[in-house]
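Thanks for making time this morning.

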Amino acid sequence: MRIYDIIKKKRDGQELSTEEIRFFVAGVTDGSIPDYQISALCMAIYFRGMSVRETCDLTFAVRDSGEKVNFSAVNGIRVDKHSTGGVGDKTSLVVAPVVASLGVKVAKMSGRGLGHTGGTVDKLEAITGFRTTLSDEDFIRQVNDIGFAIVGQSKQFAPADKKLYALRDVTATVDSMPLIAASIMGKKLAADDDCIVLDVKTGSGSFMKSLDDSKALARLMVDIGKNAGKKMVALITNMDRPLGSAIGNSLEVIEAIETLNGRGPADFTEVCLTLAGYMLSLAGKGSVEECRQAAKRAIGDGSALKKFRETVAAQGGDAGLIDDPSKFVRAKYSHAVKSGRSGYICKSDTEAYGLASLILGAGRNTAEDTIDYGAGILLKRKTGDRVKEGEEIATLFADDRSLFAEAEKKLLSATRIQEKKPQDEPLVYCVIE
Ligand code: URA
């Protein structure tokens, strides 16, 4: 078998066999296929798509590309949630401690930023000292002791996805339904959690821009998980506006801490409570509404924040930052972005907001780039809000002042202001069970 022939076959729109897909993933894993041929096949898949059978084969090959984590030593039901990626999406930092504080185990493996979207591992690394790698033994011990541990993907775990993820990030091949489904479900099946809640983002800041595509992606992933014996549910959530007000690593962790303190932005808090409600309900803790109320109480009585603090301390992070977020790394400079006219913000190109944050240094443009943890954007006004000419709509943060002009231009051209107040859009469009 030759990878050249496989690329050509997909380029010409033909269906790949199970053996061809396994050959590709084996070559990605052992390094025998060079990056340019992997990227070429990803691009062919991007344009030609994959059948359900091909997507399942790719998912299972990714799952089997490395070692599975053996969770048999974890006592109790484990639940996970995974987002397809968005802007300002720091939900894992809130829902995982909420759920763990209510007695359901969360053994979380998270990713780094991808394309214009942020990644939980990058955010956690904004907490001084926080270790995002743990040995399997320490990981499992912490899940048993505290109920919650969160790490990045280890080298042995779904290594094919690690390689594909990094290459897709820099070759404009992220937003492909089969590649997203295989990436997410390959990892979820390798992690072997009992229950999985998927947060499938839809809209301008997500990889799936239309509601129909997002629903199709959700259906595909739910079916793959169910066929593998998992309890699954997918929520389609709104990414036509950034979630919450903070975009950028330190800024987002601070917002998550505020939310765990009960002072989070309404939209972000609402999405977190809904996700936590479904996670707890899938784990058998009651109806979705009962679980949502329990999640609300866990925030109200401080138990979720306590759980987050415990986890941060256990993983070597400076827990003093959780008590006093003003101590987080801050960017050297800030810059106010002002509205050029009065009216209502009726639309925001949320992907462009994510890109503006990358320009400021909050993410990577190449796989080797380092992140500036204090960089990012704090939104003062969002879609639906009224603004006056000259009023601040956002504050930009960066260590290099020269980055402000380009980021400001991007943000302003991504923000449409009109006379008429836009109609409210739902935060959660639908649930696929
Ligand atoms: N999250 C993942 O883990 N993979 C993708 O492809 C997109 C989002």
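Let me begin with the second largest cavity, whose lining residues divide into six nonpolar, 13 polar and five charged, and please keep in mind throughout that this is a predicted model. That cavity holds about 180 Å³ of space, and of the 24 residues that line it, Thr117, Gly118, Leu358, Ala362 and Gly363 lie nearest its centre. Two or more lining residues come from each of α6 (120-124), α11 (249-260) and α16 (350-359), with α16 giving the most, namely three residues.

What takes up the space of the largest cavity? It is the ligand, and the elements that give two or more residues to the shell around the ligand are β1 (79-83), α8 (159-170) and α9 (177-191). Here too α9 gives the most, with four residues, and the shell as a whole divides into four nonpolar, four polar and two charged residues.

Turning to individual atoms, the side chain of Lys187 places an N or O atom 2.5 Å from an oxygen atom of the ligand, while for Arg168 the corresponding distance to a ligand oxygen is 2.8 Å. Ser183, in turn, has a polar side-chain atom 2.7 Å from a nitrogen atom of the ligand. Of the 240 Å² of accessible area that the ligand has on its own, the protein covers 97%.

Terms used
Residues are numbered from 1 along each chain as its sequence is written. This is a predicted model: local features need pLDDT of at least 70, side-chain atom pairs count only at pLDDT 80 or more; totals for chains, interfaces and linings use all residues. Side-chain values use heavy atoms; hydrogens and water are left out. A polar contact is a pair of N or O atoms within 3.5 Å; within protein, one must be able to donate a hydrogen and the other to accept it, and residues adjacent in sequence count only if both atoms are side-chain atoms. Accessible areas come from the Shrake-Rupley method with a 1.4 Å probe; for residues, only the protein chains shown count as cover. On a 1 Å grid over the protein atoms alone, a cavity is a set of points where a 1.4 Å probe fits but cannot get out, and a pocket is an open set with protein on both sides within 12 Å along at least five of seven lines; lining residues have an atom within 4 Å of a point. A molecule sits in a cavity or pocket if more than half of its atoms lie within 2 Å of its grid points. Ala, Val, Leu, Ile, Met, Phe, Trp, Tyr, Cys and Pro count as nonpolar, Asp, Glu, Lys and Arg as charged, and the others, Gly among them, as polar. Grid points are joined across faces, edges and corners, and a volume is the space filled by probe spheres set on the points.
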